[in-house]
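Subject: Handing over a structure, with notes

Dear colleague,

I am passing on the structure below, and my notes on it follow. Please keep it open beside this email while you read.

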Amino acid sequence: MIKGVMFDFSGPLFRAEPTETWLRAVIREADYDMREDELTACAARLEEAGAMPGGLPPRHVPECLAELWEERDLSAEQHRAAYTALAREAALPCPDLADALYDRTLTPAAWLPYPDTESTLKELRGRENSASQECAPPP
């Protein structure tokens, strides 16, 4: 009998929003003024740095961040420290943006379900229910 299935939602079920959308939402929330060309350039630097959890991996991890990067999944604190450090490497126009960007990734709005996520979860639920009925003792 299937007791439960655990998924890492990032990848199998949901994908991170596009980098530019991520940055734009944080800029808007902070009421920070940024020209469109600056926003586009900053988003490209963030993407290259691999600063978004669930986004593209860094093209290059600076040596001073290598250990932090390798250990990023060992705790929530290390995860946050690694990704905010990578964001700061992207030459953000405001230092507070690194934390605000990370905070955004903790909200449902920052994650987009794949088109088949709902049907996949319903199928798995149906299989779980079917398996539990097959394993139930006779009345």
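Which residues of α1 are buried? In this predicted model, the buried residues of α1 are T19, W22, L23, A25, V26 and I27, where buried means under 20% relative accessible area, exposed means over 50%, and partly exposed lies in between (1.4 Å probe, protein chains only). These buried residues of α1 pack against α2 and α5, and just after α1 comes D31, which takes a positive phi of about 55 degrees.

Residues are numbered from 1 along each chain as its sequence is written, and side-chain values use heavy atoms, with hydrogens and water left out.

The overall make-up

The protein has 6 helices and 2 strands, which are DSSP runs numbered from the N terminus (helices are H or I with at least four residues, strands are E with at least two). Read from the N terminus on, the elements follow the order β-α-α-α-α-α-β-α. Of the 139 residues in the protein, 32% are buried. If we look at contacts, meaning heavy atoms within 4.5 Å, between residues at least 6 apart in sequence, 62% of them join residues at least 24 apart.

Two helix pairs

Two packed helices are described by the angle between their axes and the distance between the axes. Here the axes are lines fitted to C-alpha atoms, for helices over the stretch in contact, and the angles run from 0 to 180 degrees between N-to-C directions.

Helix α1 (residues 19-29) and helix α2 (residues 36-49) have axes that come within 9 Å and cross at roughly 125 degrees. The two are therefore oblique to each other, given that angles under 35 degrees count as roughly parallel, over 145 as roughly antiparallel, 65 to 115 as roughly perpendicular and the rest as oblique. The crossing of α1 and α2 is right-handed; a crossing has that name if the near helix is turned clockwise from the far one by less than a right angle, and is left-handed if anticlockwise. On the α1 side T19, E20, W22, L23, R24 and I27 take part, and they meet E36, L39, T40, C42, A43, L46 and E47 in α2.

The pair α4 and α5 packs at an angle of about 125 degrees, with the axes 9 Å apart, and its crossing is right-handed. In this contact α4 supplies A76, H79, R80, Y83, T84, A87 and R88, while α5 supplies A98, D99, Y102 and D103.

Salt bridges

A salt bridge is a side-chain nitrogen of Lys or Arg within 4 Å of a carboxyl oxygen of Asp or Glu, and by this rule there are 10 salt bridges. One of them joins the side chains of D99 and R80 (3.4 Å, N to O). Since D99 lies in helix α5 (residues 97-104) and R80 in helix α4 (residues 76-89), the pair ties together parts that are 19 residues apart in sequence. D99 is partly exposed at 29% relative accessible area, and R80 is partly exposed at 25%. A network of salt bridges links R80, R88, D99 and D103.

Another salt bridge pairs K122 with E118, with the closest N and O atoms 3.0 Å apart. These two are 4 residues apart in helix α6 (residues 117-134), which means that about one helical turn separates them. Both ends count as exposed, K122 at 56% relative accessibility and E118 at 52%. D37 also forms a salt bridge, with R35, the closest N and O atoms being 3.0 Å apart, and D37 is partly exposed at 48%.

Cysteines

A disulfide is a covalent bond between the sulfur atoms of two cysteines. Counted as a pair of cysteine sulfur atoms within 2.5 Å, disulfides come to 0 here. C42 is buried, at 1% relative accessibility, whereas C64 is exposed, at 63%.

Note on methods. This is a predicted model: local features need pLDDT of at least 70, side-chain atom pairs count only at pLDDT 80 or more; totals for chains, interfaces and linings use all residues.
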